[in-house]
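Thanks, everyone. Let's look at one helix pair and then at the core around it. Here is the model.

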Amino acid sequence: MTGNMKMADLINSAPEILLIVERLGMSLGFGESTVEEWCAHEGRDAFTFLAICNISTSGNYKPTEAEIEKMKAADVMYFLRNSHDSYIYGLLPELDRQIALVMVGRPDSEKKVINEFFVKFKSELARHFKLEEEKIFPSLEALDRKGQPNEKVFRHEHGDINEKIQDLINLLLKYVSYGTRESRITDLLSFLYRFREDLAIHSRIEDCLILPMIEGKLSPREKEILVCVAQGMQNKEIAARFDISVFTVMTHRKNITEKTGIKSIAGLTAYAILQGLIDIESIN
Ligand SMILES: [Fe+2]
Ligand SMILES: [Fe+2]
């Protein structure tokens, strides 16, 4: 996928990208426009758009730190918020409707169990989205304003939610009995599989982008100090090396911990290695 590919060809080759176009608030009717041209026309960053497409279509693709640096946080956040809205206001009500159809004429106990499970799932999903929107996305906003992330970064679990969808699928697939020619249940299950895949991609995008975007934004000085910390230097030694006060070193260290969510020296060392700031061989 490249910026000079035609939009129409891109979508013909990977139709799931249609959803990305929609959730980035871009319109259709590209004509012969390339990705670059259409993104410019729609006020979106082409590089960010393509990165989201790549993560969505390939389970193995993970953007590098340099690529993440180039991405536009505002576009990512817009996309994620819009995705949340499309689950809450589009897909969940549709799921509701389809479940109700399937449950027509079934025993009350079956209706009750499935409904209660679904209601719980919906509220869990809403809680998860709210946490992200209130606690995590504002950190991305701060990056675009060139400020510091103003919220503690929450490491969050999407696993629970994906598991619950699978449970719902299994309940409907294995433990509810149907007559022949019940196409409604086939429709519902197909819809649930699509929903499961959609949410899994959503979680993957968040994992690939949100934390690295926030964490990758250490300033050059913070990176230098992190390397010293990882190499076992004391605050006094670090202060002397950069000709700054111990107090300033401490402030940098506090910021590093806030941005990365990592406190211990061992953890910071591991982080510095993973980010390619130091070579594992240089640690003794
Ligand atoms: Fe999310
Ligand atoms: Fe999430």
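Start with helix α3, residues 35-42, and helix α4, residues 46-57. This is a predicted model. In it, the two helices pack at an angle of about 115°. Their axes are 9 Å apart. The crossing of α3 past α4 is right-handed.

Which residues of α3 meet α4? Val35, Glu36 and Cys39. On the α4 side, the partners are Ala46, Phe49 and Leu50. Sort that contact by class and you get five nonpolar residues, one charged and no polar.

Now follow Leu50. Leave out residues up to four places away in sequence, and Leu50 touches Met1, Gly3 and Val35.

Next, the core. The largest nonpolar core has 28 residues. Val35, Phe49 and Leu50 come up again here: they are among the residues with the most contacts inside this core. Ile20, Ile52, Cys53 and Val76 are on that list too.

Which elements give two or more residues to this core? There are α1 (7-13), α2 (17-23), α3 and α4. Then come α6 (73-103) and α9 (183-215). The top contributor is α4, with seven residues.

Why does this core lie between domain 1 and domain 2? Because both give residues to it: domain 1 covers 7-61, and domain 2 covers 69-215.

Conventions: Residues numbered from 1 in each chain as written. Chains lettered and ligands numbered in written order. Predicted model: local features only at pLDDT ≥ 70, side-chain atom pairs only at ≥ 80, totals over all residues. Axes fitted to C-alpha atoms, helices over the stretch in contact; angles between N-to-C directions. Helix = DSSP H or I, 4+ residues; strand = E, 2+ residues; numbered from the N terminus. Left-handed = near helix turned anticlockwise from the far one by under 90°. Contact = placed C-beta atoms within 7 Å. Nonpolar A, V, L, I, M, F, W, Y, C, P; charged D, E, K, R; others polar. Core = buried A, V, L, I, M, F, W, Y, C linked by C-beta atoms within 7 Å. Buried ≥ 20, exposed ≤ 12 C-beta atoms within 10 Å, placed from the backbone. Domains from an automatic or database assignment.
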